[in-house]
Amino acid sequence: MEKEFIQQLDALLEKYSELLVGETDEETKEKVKAWAMYSHIAKSMPPLIAHWSALYPDARAEMKQIIQEIKELNEQLKKSKQ
């Protein structure tokens, strides 16, 4: 991938993170990226997620924590805008 495309894609991720959870630091962006990828795969290929979860129960537990954290941050952001 070209450097310019990577920068533009990162800008998209940064804006998405800002709108979703109100934070754009690198750690949060990585969590949002993981959450978005996992959510998309879970919707488009549920058996793959089931297989992955069975193979990597620790990773599944970490993903559940990330999902919960993003949900909480999103709810906090919504409340702060009201």
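1. A salt bridge is a side-chain nitrogen of Lys or Arg within 4 Å of a carboxyl oxygen of Asp or Glu. Helices here are DSSP runs (H or I, at least four residues) that are numbered from the N terminus. Glu 69 is partly exposed, having a relative accessible area of 30%, where partly exposed covers the values between buried, under 20%, and exposed, over 50% (1.4 Å probe, protein chains only).

2. A word on the basis of these remarks: this is a predicted model, in which local features need pLDDT of at least 70 and side-chain atom pairs count only at pLDDT 80 or more, while totals for chains, interfaces and linings use all residues. Residues are numbered from 1 along each chain as its sequence is written, and side-chain values use heavy atoms, with hydrogens and water left out.

3. How many salt bridges does the structure hold? There are seven, and one of them is formed by the side chains of Lys 29 and Glu 14, at 3.5 Å from N to O. Since Lys 29 lies in helix H2 and Glu 14 in helix H1, the pair ties together parts that are 15 residues apart in sequence. The two partners should be read separately for accessibility, because Lys 29 counts as buried at 1% relative accessibility, whereas Glu 14 counts as partly exposed at 33%. Both residues also belong to a network of salt bridges that links Asp 10, Glu 14, Glu 26 and Lys 29.

4. Is Ser 17 buried or exposed? Ser 17, which lies in helix H1, counts as buried at 0% relative accessibility. When its neighbours within four places in sequence are left aside, Ser 17 is in contact (heavy atoms within 4.5 Å) with Gly 22, Glu 23, Thr 24, Thr 28, Lys 29 and Val 32.

5. The next point concerns aromatic rings. A search of the whole structure finds three aromatic pairs, a pair being rings of Phe, Tyr or Trp (its six-membered ring) whose centres lie within 6.5 Å, with planes under 30 degrees apart called stacked, over 60 edge-to-face and the rest tilted. Tyr 16 and Trp 35 form a stacked pair, at 6.3 Å centre to centre and 20 degrees between the planes. Tyr 16 is in helix H1 (residues 3–21) and Trp 35 in helix H2, so the pair ties together parts that are 19 residues apart in sequence. Tyr 16 counts as partly exposed, at 38% relative accessibility.

6. The rings of Trp 52 and Tyr 56 also have their centres 6.3 Å apart, but their planes stand at 50 degrees, so this pair is tilted. Trp 52 is partly exposed, with a relative accessible area of 27%, and Tyr 56 counts as partly exposed at 46% relative accessibility. Ring pairs link Tyr 38, Trp 52 and Tyr 56 into a cluster.

7. Helix packing can be described with axes, which are lines fitted to C-alpha atoms, for helices over the stretch in contact, with angles running from 0 to 180 degrees between N-to-C directions. The axes of helix H2 (residues 26–44) and helix H3 (residues 46–55) come within 5 Å and cross at roughly 120 degrees. H2 and H3 are therefore oblique to each other, given that angles under 35 degrees count as roughly parallel, over 145 as roughly antiparallel, 65 to 115 as roughly perpendicular and the rest as oblique. On the H2 side the contact is made by Tyr 38, Ile 41, Ala 42, Lys 43 and Ser 44, which meet Pro 46, Leu 48, Ile 49, Trp 52 and Ser 53 in H3.

8. For H1 and H4, the axes come within 7 Å and cross at roughly 70 degrees, which makes H1 roughly perpendicular to H4. Glu 18, Leu 19, Leu 20 and Val 21 of H1 make this contact with Ile 70, Leu 73, Asn 74 and Leu 77 of H4.

Terms used. Helix = DSSP H or I, 4+ residues; strand = E, 2+ residues; numbered from the N terminus.
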